Amino acid sequence: MGVPEYLLASTLTGAMGQRLVRTLCPDCREPFETLPELAQELGLGRLAGGESVRLWRPRGCENCNGTGFRGRTTISEVLVASDSLRRLILKRSDARELHQAAVSEGMTAMFDEGARKALTGLTTLEEVLKVTRDV
């Protein structure tokens, strides 16, 4: 962005990122048990509280015009600039290091929020992955 690190570190109080995902139609969504390998690879077990990982998929009905989806919702993450994050900014740390530090300080990552919504049946895991993971 061309902003000197000392200015960014001294003025930044926080940052928010958000994405839209389609919501499943509550009238026709259907649950399914996911493969344990997939749940382990994506860390879904820790988000499900150790229970079996049940996700939801679209089916399609008259109420959603056969799409299985009706409406949209947001998934987001809010980074609060702490002193340790400001020090990382001054050191010109990369985005991955900043993200890891923010998560270790209590920030809920966008993927985690989306995965929780997928586990409750609000959206699908595919929708979450589409907007949170690099291809």
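Lys 130 forms a salt bridge with Glu 127 in this predicted model. Their closest N and O atoms are 3.0 Å apart. Both residues sit in helix 7, which spans residues 125-132. Lys 130 and Glu 127 are three residues apart, so about one helical turn separates them. The two partners contrast in exposure. Lys 130 is exposed, at 55% relative accessibility. Glu 127 is buried, at 5%. Arg 22 joins in too: Arg 22, Glu 127 and Lys 130 are linked in a network of salt bridges.

Why can such pairs form? Side chains of opposite charge can pair when their charged atoms come close.

The structure holds nine salt bridges. Three of them are set out here.

| Salt bridge | Closest N and O atoms |
|---|---|
| Lys 130 and Glu 127 | 3.0 Å |
| Lys 117 and Glu 113 | 3.6 Å |
| Glu 5 and Arg 92 | 2.6 Å |

Next comes the pair in helix 6. Lys 117 forms a salt bridge with Glu 113. These residues are four apart within helix 6 (residues 110-119), so about one helical turn lies between them. Lys 117 is buried, with a relative accessible area of 18%. Glu 113 is partly exposed, at 21%.

Which parts does the bridge between Glu 5 and Arg 92 tie together? Glu 5 forms a salt bridge with Arg 92. Glu 5 lies in helix 1 (residues 5-11), and Arg 92 lies in the loop between helix 4 (83-90) and helix 5 (95-104), so the pair ties together parts that are 87 residues apart in sequence. Glu 5 counts as partly exposed, at 24% relative accessibility. Arg 92 counts as exposed, at 64%.

Notes
Residues numbered from 1 in each chain as written. Predicted model: local features only at pLDDT ≥ 70, side-chain atom pairs only at ≥ 80, totals over all residues. Heavy atoms only, no water. Salt bridge = Lys/Arg side-chain N within 4 Å of Asp/Glu carboxyl O. Helix = DSSP H or I, 4+ residues; strand = E, 2+ residues; numbered from the N terminus. Buried < 20%, exposed > 50% of the residue type's maximum accessible area, 1.4 Å probe, protein only.
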